[in-house]
Structure formats: C-alpha cells, structure tokens
Amino acid sequence: MLTLSLLGHPYLSSDDRPLRLSQKAVALITLLVREGRPQHRERLANLLWNTPGALRNLRVELSRLNQRGLDLFPANQPMLELNLPTDLDRWVGGAAAQPNDRLSEWLSGVSTLPLNGLDDLGSPEFQEWVQAQRAMVGEQIERNLSQVYDRALQLGLHDAAQTVRSQVRQLGLRIMPSTPSTVPAAAHFERRETRAHLQQILSSAEQRPQLVLLGGSSHAGHHDLIERCAEQTGWHVLQLEAAAHPDAQHAALLHHVLRIMLPGSPATPPTGDVRPPELTEDMIHVWTLIAQSRQRLLVAIHDVTQLSPSLLSSLHFAMNLRCSLALVLTGTALGGPVTLSSSEGAFDLSRVHQLNLPPLSVKEIAETADRLRPTDTPDASLRRAAQIAQESEGWDLYAQTLIEQPPVPSLRVPDAVRAALVSSMDIPPRLRRALSQLAMVHGPLGPVTAELVVDPPYPDALLEGERRGLMVTAAAEETIYMPAAAYRPSDQDSGLTLISEAARVTLAGLLTSSERRHLRTVLAQHLLPTDPALALYYARGAKLPDLTRLALERLGPAGGAVPSTPPFTVVPPAEPPACATSKWPRVERRTGNAYRVALDDQQLEIMRRGQHSRPPLLRLRWEHVPAGTWRLTARLDVFQAAPELGVLAGQECFALGIRTSHSLELYLPAGAPFSSQERRPALRLPMHRWFQLTGHSDGGPLELQVRALDIALIIRDLSCGSSLLDRGPPWTAVPA
C-alpha cells in the first residue's frame, strides 16, 4: 500500500519501504493529496515549475512515475486527483489511544517541521501554499497534543503530561488544557530585567499600542518570557509563528483572536475566500476585531525573517488604534533581531522598543536547576550550573533540556535543539548544503578551504553565510577591554567560523555518514604535508589506516600521544567569597571565536564551547591599574584542550594567564597535560572549588588571558587597591 509521509521531509513509501522519487514528483503528490480535489494540469505545472515549458516538465514527471510502476493518474485527463493515506492520518488516529506506554514513540512522529524541504521548490505561489499547509498541519498537531495532555491530567498521569508538554514547547506550540495542571513545573528562567522592562511597556500599551522588537537567539525563551509576563499582568496573549503565506498569517491570527473574544461579542469572521490582493483589508478586519473586544491583548509573532508589505501595512494600522494592544516581533534563532528601516514607513518611535534576551547567566541557571533538582551543597549547585551554561552557550532551550534530562551534560546536541536550529535556518538548500560541508572543517574558514570541501563549487558561500549572520569573523587573538567589556572585531581578520558550536554540529549532521567520511578523507589528505597532527585527527575519524599511518610517520615517535603531566603544585582551595551586589545591569560580550565574557553583579564569567581545534587566545585587558598587590578569587568548573592536535610554539592551552607589566603567569587545572617545552606553569588550579591568587603590579596594564577549547571560569573578586570589576563611571576608554 502506498503511503505519503508529511511529518518531516515528505516522501512516498510502498509497504513501509521509501521509494526513490524526484523532489518534484513528491511535491506533486503532496499537493494533490493535501488539496483533496481535482486540479488542472496547467495550474499544477505553473505552481511546480514556474518556467517556460512547465506543462512539458509535468508530462515528463508523470511519465517517470509510470515507468516506476506507479500508475496513479489516468492518461490524457485534463485534471489530476489523488487520494492516499498519510502518516499524519495515522498519527492523528493514534491520539485517541494516548497516553499509553508507547507515548514517546507517538510523540516522535511530530519531532520536526512538517512538509520540510518543499519551501524552495517551484513558484512563489507554491512556496506560499507550503507555508499555508504547514500552518494548517501545525494547528492540527497542536489540537491533538492538547487533547492528549488534557487526558493525561484527567487520568493523573503527570509524567506523561510533562512529556507531552516538553514536546509542545520544543515545537513552539501551545496547549490549552481544560483540567487544572498539577504537573511539576518545567524549567523556566526568571529573566527579571527583561521581564520588568516588558511589563513597563505593557503598562504604556494600556493607553496606546506599543511595538516591541525582541532579539536574542532563544525561541523557547521568547515564548516563556511573553507567557509569564502576560500571566503576571493579566493580559491575554496570542503567540503564533510567522508565516510566509499572507493568507496563513491572517487565518492563524483570526483563529486565535476569535478564541478569546468575549461571549456574545458582535464580531464575526470575514466570509468567503480570502485572497492575497485583499489581505490588507482582511488583516485590518482582524485588528478591528481586537479593538472591539476591549481586551488587553499581547500579540507575539515569532521567527519573523522579514517584514512583508502586507504585515507592515497591518502593523501601521494596528499601531494607530485606540485600544490596549502590545505587538511583539521576534527574530529567528540564527537570523538575529527584527529591525525597522526608515524605508518601512513612519512609526511613532516613542512607541517602538528594542529589547534583547541575553544568554543565560550561571546564577539564572542555578536558580532554576535548584528549584527542580536541589543539590546537597552550594559547590555542587554552582558546578552543575556552570557546566550547563558552558555547554548550552546560554541558550534557553538547550539549558532547559540539560536541566530536565540530568545528570551530566554531554557533547551531543539534543534533538530538540537540532530541530530548532534547522527550522530557524531560513536559507536556500544550496547554501544549507555548502554550510554543512564547511561545518566539517575544524578551524578558521577561508576561500581555499571552501573551494576544497564545497561540492559543487559555491564561490560566494562564505560571503552569503556571513551576510545572513550564520558566520562571523574569527581572529587568532581577541581582546575585550575591561571593565566596560568592550569588544571590537577587526575588518582585517579574514578567517570565518560558524556562529556557534551547536550550529556547526547541527549543520554537519545534515550530511550522510558517507559524505562526512568523504570530507574527512579530503581534509586529511590536504593537511598531511602541512599539519600532520590535524590530518591524523581527520584520518582517525574517517577510519583510514593508511592515512593514519602516514600522519603518524610525519609526526615522529611521539606522534598522536597526549603529553605527560609534569610535577606540579596545586593552589589550595579558598573560602567562597560573598557575591557583591551591583546596581549595574548584566552585560555580556561574545567574540567571533565563541568566548562569552559577562559581568553580572560584579561577577565575571568566562565561557567557551569551541570546535575541536587549536584554541585561539582571549585577552581581558585593563589599560591601567595602580601599583600594589593584586588579588583574584575564582573557580574553574570546565576545562578542555585538544593536546592530540599538537601545539604550535607559544600557543599552548591554559585555563588562566595573568600578565602584568613585568611578568606572565600561566595556570592549568590539576592533572591537565601541558605540552609546551618552553615554560611550564608552577601552579595548578583545583577544579570545582574556589581558589585565590595574589601577585604584585608595578602599575600600568593588566591582562587576564585564556586559551581553551572549552572553559567555564567564574571570577568573583579581582582587585588591585579597589575592585577591577566595578563598572561604575568613569569606564575605561577603549583604545582607537
């Protein structure tokens, strides 16, 4: 029996065996099955090809289907029609039996974006059709998940209800249970500063509509922040995903508006077909309904990649209503915040607010983790929070997953995070494939590397990736000027890297295992003459014995061996210092090489989750400190290097370096190998404990340095006469 799969990448299967069909054939079958009524051949051809000779292309595709033995359509019929069972039908049918012991298997059927992979096929009209269908399928999924969640609560199956709720959150959907929930609270983060600012905006929105442009790479964090803020202020909230198809955006907004209208409201939905030319009028109808309802309403549209003319026109109308209305637009996880340019019409800028949801701090993660899973000691709590902050890179969804699925963070990117990253990559398939191939490279990316690994050649892949915010400049050394935490990348740095390690791993995972093995082989062969240590890493990853042997021969007798650990003296643990309070808000800077440096209540956090390569150097520089004794109190909870890659002269890894005008001292964790033959640190730092270092400064500049693959270092006291972490004015100027 033939079955069409819609949940994920569409494909046709026969007796559960996938059939190898062209993308256009699958798109044609999907269109006919979802439409459910006869379609003219000419319309189908124009939708799917949008080129001269579209009808001829359709005939060729139908002929290929016949050659495969798929006699789906009568010959010489001007209209085509197809009715096939789908995996969506089967999944919806399975909802009636849930929750049961196969709940996880049932939920796995909707773990990714429906109708994925069709967005870049055919004409713009077909792409709009795909978006509209995806919105319809999303509502159907949301409705069934809500029913199963409600049934689990009624049966007292709280674990099952929490499993459903977790899946709903990962998909960016909502559940509307009729039964009061007694399920233990899921991981959510307070976000006090951003929430307080949003609540102030809601207060202003009671008099005149306000528009909020909410940035930050955290889809789950945006949803949670808005939901909790609305709950605490008594506002009704509508949260929906941006849709490229104007009809879908209008229909979804209208559907949600009508669900919250007061009983007996005179407002009624528009009748008849809603067509794109009438969209502005239809959206004005929706905003008018909102004004008539006299509700305090917060409308959030998530993952807005661009402001379409129709959405922009309707926002102008909504902002001029006399009602209690707050509009929130959020950007995608990788695409950055939404912006308004001067060419997009005149908004009252006093009612347009730019907010940002910064990466999570160690303190925020510790509070949430302790609330859900208390630990025995403050040290254990801080250790767990630092590890989660480092691995998740401060991203809400990632941190939630690590908190809710203990006990230890792993190097594998969770499926929910991968799915969120893939869905946020609003890029053409060709660029997505090029970036996936570039993601196999461990090190800075340049034109030579791109030409080596990207097949077929794509000369503008790096430029396009940087333009879309998926790649950033990565220098061999980076400097952050303190205490303002000012970071200024240089235009002279030509190396690029992907925006985050989670994004790199996700993109590489889009390749097949054979494709990844092929690229490792290519890279090993290319690097063998110039960098045998890195070539050895690729060769071992591809399981290539001949290349592995050649790389080991070039490295010599000690090739590939991890350096031994020399004798060392361990810095004794210190008493945990009190956390000073500060009136200055948290500030965080992220460098191109994924170092994250944050000042939070006079606590300095240095984090990095890097790709497996030779790490770059980070400098935190104070231009002038007074002469005298300096003191540093800190703790180290994560440190990883890549000693098997070898160390170039002067590029050894270390957890902490302290440079004054006359000396440089380097420190490593106890037990970590140190591969430099030029100098060895005299002291080793204890892990997961506070320690204290002191020294003398003759005055002038002072630098903290870090060179690590992965690190989580927290500094709670750094002083030389007075605190060097105080951000109060006057701030140290950044050199030009």
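In the predicted model, strand β17 is covered on both of its faces: Tyr595, Val597 and Leu599 are buried on one side, and Arg596, Ala598 and Asp600 are buried on the other. In a regular strand, side chains alternate between the two faces of the sheet. Six of the six residues of β17, which runs over residues 595–600, are buried, so the strand is largely enclosed by the rest of the structure.

Strand β17 pairs with two strands. With strand β16 (residues 587–590), the pairing is antiparallel and comprises four bridges. Within this pair, Glu588 lies opposite Ala598 of β17. The hairpin of β16 and β17 has four residues between the strands, and Ala594 in this hairpin adopts a positive phi near 75°. With strand β18 (residues 603–609), β17 again pairs in the antiparallel sense, here over six bridges. Asp600, one of the buried residues of β17, stands opposite Gln603 in β18. Two residues separate β17 from β18 in their hairpin, and Asp601 in the turn has a positive phi of about 55°.

Helix α14 covers residues 378–392. At 1.5 Å a residue, its 15 residues should span 21 Å, and the C-alpha atoms at its ends are 21 Å apart, which means that the expected and modelled spans agree. The helix is mostly covered, with 11 of its 15 residues buried. The buried residues are Ser381, Leu382, Arg384, Ala385, Ala386, Gln387, Ile388, Ala389, Gln390, Glu391 and Ser392. An α-helix has 3.6 residues a turn, so residues three or four places apart point the same way. Glu393 follows α14 and has a positive phi, near 60°.

A further feature is the packing of two helices. Two packed helices are described by the angle between their axes and the distance between the axes. The axes of helix α4 (residues 87–95) and helix α6 (residues 124–154) come within 10 Å and cross at roughly 20°. Angles under 35 degrees count as roughly parallel, and α4 and α6 are therefore roughly parallel to each other. Their crossing is left-handed. On the α4 side, the contact involves Leu88, Trp91, Val92 and Ala95. These residues meet Val137, Gln140, Ile141, Asn144, Leu145, Val148 and Arg151 in α6.

Technical notes
Residues are numbered from 1 along each chain as its sequence is written. This is a predicted model: local features need pLDDT of at least 70, side-chain atom pairs count only at pLDDT 80 or more; totals for chains, interfaces and linings use all residues. Side-chain values use heavy atoms; hydrogens and water are left out. Buried means under 20% relative accessible area, exposed over 50%, partly exposed in between (1.4 Å probe, protein chains only). Two strands pair if DSSP finds at least two bridges between them. The expected span of a helix is 1.5 Å times one less than its number of residues. Axes are lines fitted to C-alpha atoms, for helices over the stretch in contact, and angles run from 0 to 180 degrees between N-to-C directions. Angles under 35 degrees count as roughly parallel, over 145 as roughly antiparallel, 65 to 115 as roughly perpendicular and the rest as oblique. A crossing is left-handed if the near helix is turned anticlockwise from the far one by less than a right angle, and right-handed if clockwise. Contact means heavy atoms within 4.5 Å.
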